[in-house]
Amino acid sequence: MTRAVGSVLALVVLLGLACADDGNDHAYRQRRAEQLAAEFRASQESAAAAASSDPGAGTTSETPVVEPTGLVVPVIALDNTFRPEIVEISVGDEVLWENRGMNEHNVLRVEGDGWGVEVDDFQPGDVYAHVFTEPGEFRYFCSIHGTEDVGMIGTVIVVSS
Ligand SMILES: [Cu+2]
């Protein structure tokens with residue numbers, strides 16, 4: 001299951017790179033990449049639906065695929081960047097975002113859902129934590145100070161331990 005999701009992610013990345021070569025079958029690859037991305041989003045949505053049917057979703061009673069390792073990796077939200085912008089962790093590690101800026105921020109996923117924090121819960125001094133239970137590359141951004149691709153953006157790379 002988690003391996004399949006990781007493979008889809010890897011394929012999307014590979015196909016995305018292949019498109020940069022502008023090969024003869026560019027259009028086909030583009031369509032295939034979009035198809036894979038759609039399948040990935042669908043799998044994320046079904047996982048989120050399963051999580052939301054749990055009355056304790058978002059708390060410690062969320063049923064993780066793997067046991068948390070207990071390792072906490074900090075990401076600091078400043079005005080207006082995430083530091084470090086890219087973190088690489090293992091499955092089961094926790095990322096702890098802390099707003100040490102003077103401004104309010106948020107943490108929104110570029111694709112899918114299931115984690116992230118809205119402005120109201122991420123004021124200066126606030127913290128937000130999430131344990132990553134699946135390998136993959138998870139991009140996020142602050143919608144107040146960035147877009148999906150530029151500005152206040154970040155990436156969590158989760159590798160199988
Ligand atoms: Cu921000």
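The copper ion is coordinated at 2.0 to 2.6 Å by four atoms: ND1 of His105, SG of Cys142, ND1 of His145 and SD of Met152. The model is predicted, so local features need pLDDT of at least 70 and side-chain atom pairs count only at pLDDT 80 or more, while totals for chains, interfaces and linings use all residues. Residues are numbered from 1 along each chain as its sequence is written, and side-chain values use heavy atoms, with hydrogens and water left out.

**Copper site**

- Donors are N, O and S atoms within 2.8 Å of the metal (3.2 Å for Na, K and Ca); water is not among the atoms, so sites may look incomplete.
- The site of the copper ion is tetrahedral, with angles of 91 to 134° among its 4 donor atoms; four donors count as tetrahedral if all angles lie between 85 and 135 degrees.
- Along the sequence, the donor residues of the copper ion follow the spacing H-x36-C-x2-H-x6-M.
- His105, in the loop between β4 and β5, and Cys142, in strand β7, are 37 residues apart, and the pair links distant parts of the chain. Strands (E, at least two residues) are DSSP runs, numbered from the N terminus.
- His105 and Cys142 are both buried, where buried means under 20% relative accessible area (1.4 Å probe, protein chains only).

**Aromatic pairs**

- Rings of Phe, Tyr and Trp (its six-membered ring) pair if their centres lie within 6.5 Å; planes under 30 degrees apart count as stacked, over 60 as edge-to-face and the rest as tilted.
- By this rule there are 8 aromatic pairs.
- The ring centres of Trp97 and Tyr140 are 5.3 Å apart and their planes stand at 90°, so this pair is edge-to-face.
- Trp97 belongs to strand β4 (residues 94–99) and Tyr140 to strand β7 (residues 136–146), so the pair ties together parts that are 43 residues apart in sequence.
- Trp97 is buried, with a relative accessible area of 0%, and Tyr140 is buried at 1%.
- Trp115 and Phe132 have ring centres 5.1 Å apart and planes at 70°, so they too form an edge-to-face pair.
- Trp115 lies in the loop between β5 (108–109) and β6 (127–131), and Phe132 in the loop between β6 and β7, 17 residues apart.
- Trp115 is buried, with a relative accessible area of 10%, and Phe132 is buried at 2%.
- One aromatic cluster is formed by Phe82, Trp97, Trp115, Tyr128, Phe132, Phe138 and Tyr140.

**Surroundings of Thr155**

- Thr155 is found in strand β8 (residues 151–159) and is buried, with a relative accessible area of 14%.
- Leaving aside neighbours within four places in sequence, Thr155 is in contact with residues including Glu85, Phe138 and Tyr140; contact means heavy atoms within 4.5 Å.

**Sheet and cis peptide bonds**

- An open sheet is formed by 4 strands in the order β2-β1-β4-β6, with mixed pairing. Two strands pair if DSSP finds at least two bridges between them.
- The edge strands, β2 (82–83) and β6, each pair on one side only.
- Strand β1 (residues 72–77) pairs with β2 in the antiparallel sense over 2 bridges, and Ile76 stands opposite Arg83 in β2.
- Asp79 and Asn80 are joined by a cis peptide bond, with omega about 5°; Asn80 is in the loop between β1 and β2.
- Another cis peptide bond joins Arg83 and Pro84, with omega about -5°; Pro84 is in the loop between β2 and β3 (86–90).

Conventions: Buried < 20%, exposed > 50% of the residue type's maximum accessible area, 1.4 Å probe, protein only. Tetrahedral: all angles 85-135°; square planar, octahedral: opposite > 155°, others 65-115°.
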